[in-house]
Amino acid sequence: MPLCPCCPGNLRKLIARKDKYTLLSCPSCSFITSSPLPTTEELNAFYQGYLFNVPKEGREVHEEDSGTLVSVTEDVKKIVDDFHAQGIYEGKLLDCGGGKGIYAHAFSQSGFTVTMIDLDNKVCEYAQTQYPTSFKVICGNLTENLKGKYDIIFCNQLIEHYPDP
């Protein structure tokens, strides 16, 4: 029985199986993981185009994002307020797995110098097109394509997608 990486429990509750992967859950803390963990190459292939919704005929892509942008802006305001409470008013922020760039854009509008990184070529292109001067976009693997130091690292719904976080 594999051990849970989050608590002293065992990963023993079977959730699902697909191909060579088994999803297991820890009954103690509810952590869910895949066994085996996918490789970096498998994740890269899986996420190409995953987050990018091809627009329906006659509809612009950014129309579907307008409601999301308002919600994200509100989320970022709360996060930035927490930064301010800790005395952080500016700095270099890395948005890992930034998707379409909505969070990266909102952080840049809040005064941070933002770099976004994502595996998906299509969302990287989209983010560069939608927000050409708002932040830097890096397309590729976090562990292989990133250089430099950051004051803040932001990961929204990301850690579960890395092979060995």
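## Aromatic cluster

Which residues form one aromatic cluster? In this predicted model, the members are F83, Y103, F107, F112 and F154. The structure as a whole holds six aromatic pairs.

One of these pairs joins F83 and F112, and its geometry is edge-to-face: the ring centres are 5.7 Å apart, with 70° between the planes. How buried are the two partners? F83 has a relative accessible area of 13%, and F112 has 4%. Both count as buried, because the cut-off for that class is under 20%.

## A tilted pair

Y131 and F135 make another aromatic pair, this one tilted, at 5.8 Å centre to centre and with 40° between the planes. Here, too, the residues are buried: Y131 has a relative accessible area of 12%, and F135 has 8%.

## Lysines over rings

The charged end of K92 sits over the ring of Y150, 5.0 Å from the ring centre. K100 lies over the face of Y126, with 5.9 Å to the ring centre.

## The three-stranded sheet

Now for some backbone architecture. Three strands make an open sheet in the order β1-β2-β3, and their pairing is antiparallel. At the edges are β1 (13-18) and β3 (32-35), each of which pairs on one side only. On average, neighbouring strands of this sheet are turned by 25° against each other, direction ignored.

Strand β2 covers residues 21-25 and pairs with β3 in the antiparallel sense over four bridges. Which residue of β3 does T22 stand opposite? That residue is S35. In general, the strands of a sheet pair through backbone hydrogen bonds, either parallel or antiparallel.

## Around N145

Finally, have a look at N145, which is placed in helix α5 (residues 142-145). Is N145 buried, exposed or partly exposed? With a relative accessible area of 35%, N145 is partly exposed, because this value falls between the 20% and 50% cut-offs.

Leaving aside neighbours within four places in sequence, N145 is in contact with I117, I138, C139 and G140. I117 is 28 residues from N145 along the chain, and the C-alpha atoms of the two are separated by 8.7 Å.

Notes: Residues are numbered from 1 along each chain as its sequence is written. This is a predicted model: local features need pLDDT of at least 70, side-chain atom pairs count only at pLDDT 80 or more; totals for chains, interfaces and linings use all residues. Side-chain values use heavy atoms; hydrogens and water are left out. Two strands pair if DSSP finds at least two bridges between them. Helices (H or I, at least four residues) and strands (E, at least two) are DSSP runs, numbered from the N terminus. Axes are lines fitted to C-alpha atoms, for helices over the stretch in contact, and angles run from 0 to 180 degrees between N-to-C directions. Buried means under 20% relative accessible area, exposed over 50%, partly exposed in between (1.4 Å probe, protein chains only). Contact means heavy atoms within 4.5 Å. Rings of Phe, Tyr and Trp (its six-membered ring) pair if their centres lie within 6.5 Å; planes under 30 degrees apart count as stacked, over 60 as edge-to-face and the rest as tilted. A charge sits over a ring if NZ of Lys or CZ of Arg is within 6 Å of the ring centre and within 35 degrees of the ring normal.
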